[in-house]
Amino acid sequence: MGRAISDNFYRDLKTGCLSDILKAVHNDTTLIMELRGKAVTIYYRGGALFTITEGTDGYSATYNSAYWKIKKKYPELTESPEIKDCVEKIALYKDQMDFHMANSKRTLEKQCQQNIVLENNILGQVSTEADGTTGDYFSLDIEYPYKDSEGTDARFDIVALNFPSTSSRRKKRDNLGISIVEVKYYDDAMRGNSGIQKHIKDYLNFIQSEEYHEMCRDMEKVFYQKCELGLIPSYTTRLKKDKRYYNITIDDSKVDFVFMFANRDPDSRKAKEELQESIKKFGKMATERIYVAVSSDVGYIMFRYVGEDGKDRYIPIEKYIQG
């Protein structure tokens, strides 16, 4: 499914009737905006705050009424707010989400997912504008869905552009790679219907599909639109005078799968046992481009490569099992 938005939608966000929505996202570092083809979704604490949908006669906004299932704090909140209310009453809508999240099942994994996007795309700028680089990735999409006739029903946590931050490589915008990232928070979901083996199977099916190649072309445009809309400021800070840098190409053959294990006990054997079973089930060759991310000290910015020689810090799952 295409994620890039229409030219009219893009212009209305940048300078038209939706520009105040975009400014609200720019001015609030607890928010991210993701492109959804006929819509954009604004996320807060890992949950959808507003979805703005393009229609034949304008735009409509939606807010999830489940956020007031326990208690509706503000009577004026509605499932279908006016566009202007999404800006003027955004603090109330966010506070309603805060109340809901404080009194219901925690969504720590989704909040972690959003923090990864925030740190790599928005918050991770270095102090000097002359450089403006961060880690080795930029998030292009979250919650990317894929279904096929063979029964695959997947939703990939993050589709990330593999863009090494070494000075020489950052100048080359062609033949970049894609990493599909799966976030695992604690040890609870290592097995079963949403476990490690399921994610690996979904990934292997997806990269053999035509939709994967279509996604690569789509993500090239998504990167351009996100740069132009100011949604990846950690990359675009130094590029305001040279928009050629917004144009990239993705090499479809450069794809891998990365597990990001967060806040789990490193002494637990669950992850390693499931990874080992996955190698047995799918084979060494099929799983050779599946990795476990390692952090740079502590944090969410995804630093993968060491210096200009490009040594890979991420650990192939076979070696991770042995460690």
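Serine 194 touches Lys184, Ala189 and His199, leaving aside residues up to four places away in sequence; contact here means heavy atoms within 4.5 Å. The place of this serine is the loop between β7 and α7, where helices (H or I, at least four residues) and strands (E, at least two) are DSSP runs numbered from the N terminus. The model is predicted: local features need pLDDT of at least 70, side-chain atom pairs count only at pLDDT 80 or more, and totals for chains, interfaces and linings use all residues. Residues are numbered from 1 along each chain as its sequence is written, and side-chain values use heavy atoms, with hydrogens and water left out.

**Serine 194**

- Serine 194 is partly exposed, with a relative accessible area of 39%; buried means under 20% relative accessible area, exposed over 50%, and partly exposed in between (1.4 Å probe, protein chains only).
- A distance of 28 Å separates the C-alpha atoms of serine 194 and tryptophan 68, which are 126 residues apart along the chain.

**The six-stranded sheet**

- Six strands form an open sheet with mixed pairing, in the order β5-β6-β7-β8-β9-β12; two strands pair if DSSP finds at least two bridges between them.
- Its edge strands, each pairing on one side only, are β5 (137-147) and β12 (315-316).
- Strands of a sheet pair through backbone hydrogen bonds, either parallel or antiparallel.
- β5 and β6 (residues 153-162) run antiparallel and are joined by nine bridges; tyrosine 146 stands opposite alanine 154 in β6.
- The pairing of β6 with β7 is antiparallel, over five bridges, and isoleucine 158 stands opposite valine 181 in β7.
- β7 and β8 pair in the parallel sense over nine bridges, with tyrosine 185 opposite alanine 262 in β8.
- Strand β7 is largely enclosed by the rest of the structure, because 10 of its 10 residues are buried.
- Leu176, Ile178, Ile180, Glu182 and Lys184 point one way from β7, while Gly177, Ser179, Val181, Val183 and Tyr185 point the other way; all are buried.

- Axes are lines fitted to C-alpha atoms, for helices over the stretch in contact, and angles run from 0 to 180 degrees between N-to-C directions.
- Helix α7 (residues 196-207) lies across β5, β6, β7, β8 and β9 (290-292), and runs at about 170° to β8.

**Helix α10**

- With 13 residues, helix α10 (residues 270-282) reaches 18 Å from its first C-alpha to its last, close to the 18 Å expected at 1.5 Å a residue; the expected span is 1.5 Å times one less than the number of residues.
- Ala271, Lys272, Glu274, Leu275, Ser278 and Ile279 of α10 are buried.
- Seen down the axis of α10, the buried residues fall within an arc of 165°, so they line one face of the helix; the arc is that of the directions from the helix axis to the C-beta atoms.
- Lys280 and Lys281, on the other side of α10, are exposed.
- The cover over the buried residues of α10 includes α7, β8, β9 and α11 (317-322).
- Glycine 283 follows α10 and has a positive phi, near 95°.

**The four-stranded sheet**

- An open sheet of four strands has the order β1-β2-β3-β4, with antiparallel pairing; its edge strands, each pairing on one side only, are β1 (31-35) and β4.
- On average, neighbouring strands of this sheet are turned by 20° against each other, direction ignored.
- Strands β3 (residues 47-55) and β4 (residues 58-62) run antiparallel and are joined by five bridges; they form a hairpin with two residues between them.
- Threonine 53 has serine 60 in β4 as its bridge partner, and glutamate 54 stands opposite tyrosine 59 in β4.
- Helix α4 (residues 90-102) lies across β1, β2 (39-44) and β3, running at about 135° to β3.

**Cysteines**

- The count of disulfides is zero, a disulfide being a pair of cysteine sulfur atoms within 2.5 Å.
- Cysteine 17 is in no disulfide, and the nearest cysteine sulfur, that of cysteine 86, is 12 Å away; cysteine 17 is exposed, with a relative accessible area of 52%.
- Cysteine 216 is in no disulfide either, and the nearest cysteine sulfur, that of cysteine 227, is 17 Å away; cysteine 216 counts as buried, at 0% relative accessibility.
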